[in-house]
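Biologist: Before we talk about what things are called, could you put the model on the screen, so that we can go through the terms one at a time?

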Amino acid sequence: RDAVVETRYVSTKKVLELCRLAGRGQGECLFGAARTFGDRDGIEGAKRAAAFCARAPRVGRADCASGLGIVLGLLYPTDVTRRGACARLTPKYVEACARAAIGEVDPSGRTAWG
């Protein structure tokens, strides 16, 4: 989140550079950045998060897709539509995205990120 805010939501390249500085925490940084990009502007924000994740290092893309999934979990009303949105926005990482999207709204209180 802080990396996105630091760049004022403008430079995905700079966010990727800042996340790289996190070393072993890079995946968590990418997760938070995708969530933060996605939190703005509804589906347009989610599309921006997906584009950001596509530029992320391959090793962190599943984490990034999970961050996107958190947003999609709140934007779409059913697990089927959440999975469909994940398939459209991040086809190679559908499972990571869908797991987070569905987990975010799990009535048991189990969250996708905890």
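**Buried cysteines and their links**

Modeller: This is a predicted model, and I would begin with Cys19 and Cys29, both of which are buried.

Biologist: What makes Cys19 and Cys29 a disulfide?

Modeller: A disulfide is called when two cysteine sulfur atoms lie within 2.5 Å, and the sulfur atoms of Cys19 and Cys29 are 2.1 Å apart, so the pair meets the cut-off. The link of Cys19 and Cys29 is left-handed, with -70 degrees about the S-S bond, and the pair joins distant parts of the chain, since Cys19 belongs to helix 2 and Cys29, 10 residues apart from it, to helix 3 (residues 26-38).

Biologist: Which residues of helix 2 are buried, and why can they be said to line one face of the helix?

Modeller: In helix 2, which covers residues 12-20, the buried residues are Thr12, Val15, Leu16 and Cys19. When one looks down the axis of helix 2, these buried residues fall within an arc of 100 degrees, and therefore they line one face of the helix. As a general rule, an α-helix has 3.6 residues a turn, so residues three or four places apart point the same way.

Biologist: Why is the disulfide of Cys53 and Cys64 called left-handed?

Modeller: The torsion about the S-S bond of Cys53 and Cys64 is about -85 degrees, and so this disulfide is left-handed. Here too distant parts of the chain are linked, with Cys53 in helix 4 (residues 42-55) and Cys64 in helix 5 (residues 61-75), 11 residues apart. The sulfur atoms of Cys53 and Cys64 are 2.1 Å apart, and both cysteines are buried.

Biologist: How do you know that Cys86 and Cys97 are buried?

Modeller: A residue counts as buried under 20% relative accessible area; Cys86 has 0% relative accessibility, so Cys86 is buried, and Cys97, with a relative accessible area of 0%, is therefore buried as well. Cys86 and Cys97 form a disulfide with their sulfur atoms 2.1 Å apart, and this link is left-handed, with -70 degrees about the S-S bond. It connects distant parts of the chain, namely Cys86 in helix 6 (residues 79-89) and Cys97 in helix 7 (residues 94-104), 11 residues apart.

Biologist: How many disulfides does the structure hold, and what is the pairing of the bonded cysteines in sequence order?

Modeller: The structure holds 3 disulfides, and when the bonded cysteines are numbered in sequence order, the pairing is 1-2, 3-4, 5-6.

Conventions. Residues are numbered from 1 along each chain as its sequence is written. This is a predicted model: local features need pLDDT of at least 70, side-chain atom pairs count only at pLDDT 80 or more; totals for chains, interfaces and linings use all residues. Side-chain values use heavy atoms; hydrogens and water are left out. Buried means under 20% relative accessible area, exposed over 50%, partly exposed in between (1.4 Å probe, protein chains only). Helices (H or I, at least four residues) and strands (E, at least two) are DSSP runs, numbered from the N terminus. The arc is that of the directions from the helix axis to the C-beta atoms.
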